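Have the sequence and the model side by side as you read.

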Amino acid sequence: MTDATPELSRAISGFEEHLRFEKRLSKHTLEAYQRDLHRLRDFCQHTGVAMTDLRHFHIRQCLAQLHRQNLKPRSLQRWLSAVRTFFQYCLKHKLVTLNPCTGLQAPKADKPLPKALDVDQAFRFVEVKGQDFMAMRDRACLELFYSSGLRLGELVSLNWSDVDLRQAQLRVTGKGSKTRELPVGRQAIDALKAWHQTQIEACGEDTTAIFTSRKGQRLNPRSVQARFEKLSMTQGVDQPIHPHMLRHSFASHLLESSGDLRAVQELLGHANLSTTQVYTHLDFQHLAKVYDNAHPRAKSRTEPDPHQPPLTDDLTPE
């Protein structure tokens with residue numbers, strides 16, 4: 001079988017450069033695109049179909065093949081989205097004459113709701129006790145996470161120049177290199193001030209990164225995740241906590257209190273309101289629980305109502 005992929009391989013390389021340098025996507029997102037497009041290349045190599053000969057039935061065939069390999073619906077959706085975006089790039093650069101993904105849909109996937117802590121659990125988790133280096137850093141990290149709804153990548157990339165402790169504001173660079181200004185709560189400000197003094201004493205005054213090791217090296221995401229795993233066991237919370245759960249908790253608690261979806265969207269840095277709308281489901285669950293517990297006609301009674309006469313099957317007149 002002749003190699004049908006040289007043109008495709010060159011196009012994929014060009015597309016990856018476009019994503020890296022023009023779109024400035026994160027390393028994680030780039031790796032996801034690479035995995036998906038390499039699956040397309042493997043399919044073309046196996047079937048002998050050249051890039052310019054690909055049609056919608058080939059893409060459908062590849063989808064079916066990936067489904068047989070036990071890819072979940074969400075992974076199939078991401079694959080089709082990546083391939084569709086790739087061919088849009090190819091069309092723009094006149095590498096193909098049509099997009100073979102046009103009109104195709106991947107299997108629908110259930111949308112699991114993000115897990116969030118309730119307010120008491122969140123308070124208990126972020127209130128780290130102790131005055132040593134690790135405790136001070138952990139408390140500042142968790143308070144800032146929950147106070148400002150940061151992504152993990154945003155948190156570890158923060159520098160002291162990004163935060164104004166006096167004005168209680170934070171400048172963060174999120175996805176797509178978009179910058180947003182965020183308020184910082186009083187508890188987080190107090191924790192950051194205390195941590196900054198501890199960090200200076202341990203690492204020196206010229207430390208740039210907010211969250212560092214004892215040697216002054218910036219923490220990486222895995223280090224923060226490892227701290228979360230340990231704190232999940234020591235902070236009296238009855239479930240494993242990962243960093244994104246504090247972001248979910250931040251969003252759902254704000255929405256419960258304010259009902260302002262647009263404001264939550266801005267604070268989270270979501271490009272589309274539809275991404276933020278998942279938290280309306282969390283909010284509805286909260287409201288439904290309140291309703292079930294409070295409304296007299298919503299309760300399912302397991303005991304007789306003392307204000308109602310007992311039911312009887314005896315219909316004989318007295």
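Alanine 116 counts as partly exposed, because its relative accessibility is 28%. The classes are set by relative accessible area: buried is under 20%, exposed is over 50%, and partly exposed lies in between (1.4 Å probe, protein chains only). Alanine 116 sits in the loop between helix 4 (73-92) and helix 5 (119-126). Its C-alpha atom is 9.3 Å from that of isoleucine 241, and the two residues are 125 apart along the chain.

A word on the source: this is a predicted model, in which local features need pLDDT of at least 70 and side-chain atom pairs count only at pLDDT 80 or more, while totals for chains, interfaces and linings use all residues. Residues are numbered from 1 along each chain as its sequence is written, and side-chain values use heavy atoms, leaving out hydrogens and water.

Now the whole chain. Its secondary structure comes to 13 helices and 3 strands. Helices (H or I, at least four residues) and strands (E, at least two) are DSSP runs, numbered from the N terminus. The chain has 318 residues, and 40% of them count as buried. Take the contacts (heavy atoms within 4.5 Å) with a separation of 6 or more: residues 24 or more positions apart account for 60% of them.

The largest nonpolar core has 49 residues. Such a core is a set of buried Ala, Val, Leu, Ile, Met, Phe, Trp, Tyr and Cys residues joined through side-chain atoms within 4.5 Å. Phe125, Leu144, Phe145, Leu150, Leu192, Phe211 and Leu246 have the most contacts inside this core. Among the elements that each supply at least two residues are helix 5, strand 2 (169-173), helix 8 (186-203) and helix 10. Helix 6 gives the largest share, 9 residues. A second, separate core has 32 residues, including Ala11, Leu40, Phe43 and Val83.

Look at leucine 150. Not counting residues up to four places away in sequence, leucine 150 touches Leu144, Phe145, Leu155, Leu158, Leu170, Val172, Leu182 and Arg247.

Which residues does threonine 179 contact, leaving aside neighbours within four places in sequence? They are Arg171, Val172 and Thr173. Threonine 179 lies in strand 3 (residues 179-183). Its relative accessibility is 48%, so threonine 179 counts as partly exposed.

Two helix pairs remain. Helix 10 (residues 243-258) packs on helix 11 (residues 261-268) at about 155°, with the axes 9 Å apart. Axes are lines fitted to C-alpha atoms, for helices over the stretch in contact, and angles run from 0 to 180 degrees between N-to-C directions. The two helices are therefore roughly antiparallel; that term covers angles over 145 degrees, and roughly perpendicular covers 65 to 115. Helix 10 contributes Arg247, Phe250, Ala251, Leu254 and Leu255 to the contact, and helix 11 contributes Leu261, Val264, Leu267 and Leu268. By class, these are 8 nonpolar, no polar and 1 charged. Ala, Val, Leu, Ile, Met, Phe, Trp, Tyr, Cys and Pro count as nonpolar, Asp, Glu, Lys and Arg as charged, and the others, Gly among them, as polar.

Helix 1 (residues 6-22) meets helix 4 at about 95°, with axes 10 Å apart. This pair is therefore roughly perpendicular. Its contact has 7 nonpolar, 3 polar and no charged residues.

Terms used
Angles under 35 degrees count as roughly parallel, over 145 as roughly antiparallel, 65 to 115 as roughly perpendicular and the rest as oblique.
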